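Colleague: I have the model open and want to go through a few spots with you. Can you put it up on your side too?

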Amino acid sequence: MLQQIVHSCRGMPVPQCCRDQVTVFQFFNYLSRCGLTDFGEHLSHLAKEVRLIGALQSPKRRRALERLRGSRLSELQPLAPTLQLLASLQIDTNTKVSRAAATCLSRTTAMKTFRAKAVLYYTERLRDDSAQVQQAACLALKCLKASESVEQIADLWRSEDEDVRNAAREAVLSFGKKGHLAFQRMDRICQELQEEALQNSDTEITIL
């Protein structure tokens, strides 16, 4: 929670303080930005989400996912670790867990606040150095029906990792007409790159 409060004041001039302390200004700015009227209730929801994060990392993660519906889901912040786990569990080696994670994310498409935060988070993760993170982000955006991120997802078709390319293709094509247009654009770009590489190869052979 301290990280959230400090992050909410990023870019604002505040007095230097210890890492485990926040100023009154930072605290009230956090309350204002979150539109909080009941701090106790907010703290209770945060505590529940922290416990959820632990459950999603445990052997009982499938059960935790299946119970995550309705108000239990809509009351989540959601925190970055929560979003990261929901995405990564989609590629869990246990297929029942991966399906439960995908179903859970799909339930949030009608939750405006949750979806907005999740789409922003996963779109940023598409630029991560980890192929697994990119793959999970593509699949998460598919579940969220995040067609607004179609261009960023389509860029991963040029990834060297086959799983990332497949996840990107699957996500983009799930977006209907908008996805198919992006597919055609990327297919055309790939063909142009291949033709250019072939021409360069022919030129080198001619010179030799």
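Colleague: Where is Lys145?
Modeller: Lys145 sits in the loop between α9 (131-143) and α10 (150-154). Keep in mind that this is a predicted model.

Colleague: Buried or exposed?
Modeller: Lys145 has a relative accessibility of 60%. Exposed means over 50%, so Lys145 counts as exposed.

Colleague: What about the phi of Lys145?
Modeller: The phi of Lys145 is positive, about 55°, although Lys145 is not a glycine. Most residues other than glycine have a negative phi, and most peptide bonds are trans.

Colleague: Speaking of peptide bonds, what is the one from Gln77 to Pro78?
Modeller: The bond from Gln77 to Pro78 is cis, with omega near -10°. Pro78 belongs to the loop between α5 and α6.

Colleague: Let's step back. How many helices and strands does the protein have?
Modeller: There are 12 helices and 0 strands. Along the sequence the pattern reads α-α-α-α-α-α-α-α-α-α-α-α.

Colleague: What share of the residues is buried?
Modeller: Buried residues make up 36% of the 208 residues. As for contacts between residues at least 6 apart in sequence, 60% of them join residues at least 24 apart.

Colleague: Now α6 and α8. At what angle do they pack?
Modeller: Helix α6 (residues 80-88) and helix α8 (residues 112-125) pack at about 70°, and their axes are 11 Å apart. Angles from 65 to 115 degrees count as roughly perpendicular, so that is what α6 is to α8.

Colleague: Which residues meet there?
Modeller: From α6 they are Ala80, Leu83, Gln84, Leu86 and Ala87. In α8 their partners are Phe114, Lys117, Ala118, Tyr121 and Tyr122. By class, the contact of α6 with α8 has 8 nonpolar, 1 polar and 1 charged residues.

Colleague: And Glu124, where is that?
Modeller: Glu124 lies in α8. With a relative accessible area of 34%, Glu124 is partly exposed.

Colleague: How far apart are Glu124 and Gln134?
Modeller: They are 10 residues apart in sequence, and 9.4 Å apart in space from C-alpha to C-alpha.

Colleague: Back to the other end of α6. Where is Ile91 found?
Modeller: Ile91 is in the loop between α6 and α7 (95-106). Its relative accessible area is 26%, so Ile91 is partly exposed.

Colleague: What does Ile91 touch?
Modeller: Leaving out residues up to four places away in sequence, Ile91 touches Ser98, Gln132, Gln135, Ala136 and Leu139. Ile91 and Leu139 are 48 residues apart along the chain, and their C-alpha atoms are separated by 8.9 Å.

Colleague: Which residues lie nearest its centre?
Modeller: Lys48, Glu49, Leu52, Leu68 and Arg72 lie nearest the centre, out of 13 residues that line the second largest pocket.

Colleague: Which helix gives the most to that lining?
Modeller: α3 does, with 6 residues. α3 (39-56) and α5 (71-74) each supply at least two residues of the lining.

Colleague: How does the lining split by class?
Modeller: The lining of the second largest pocket has 5 nonpolar, 2 polar and 6 charged residues.

Technical notes: Residues numbered from 1 in each chain as written. Predicted model: local features only at pLDDT ≥ 70, side-chain atom pairs only at ≥ 80, totals over all residues. Heavy atoms only, no water. Axes fitted to C-alpha atoms, helices over the stretch in contact; angles between N-to-C directions. Helix = DSSP H or I, 4+ residues; strand = E, 2+ residues; numbered from the N terminus. Parallel < 35°, antiparallel > 145°, perpendicular 65-115°, else oblique. Contact = heavy atoms within 4.5 Å. Nonpolar A, V, L, I, M, F, W, Y, C, P; charged D, E, K, R; others polar. 1 Å grid on protein atoms, 1.4 Å probe; cavity = no way out; pocket = protein on both sides within 12 Å on 5 of 7 lines; lining within 4 Å. Buried < 20%, exposed > 50% of the residue type's maximum accessible area, 1.4 Å probe, protein only.
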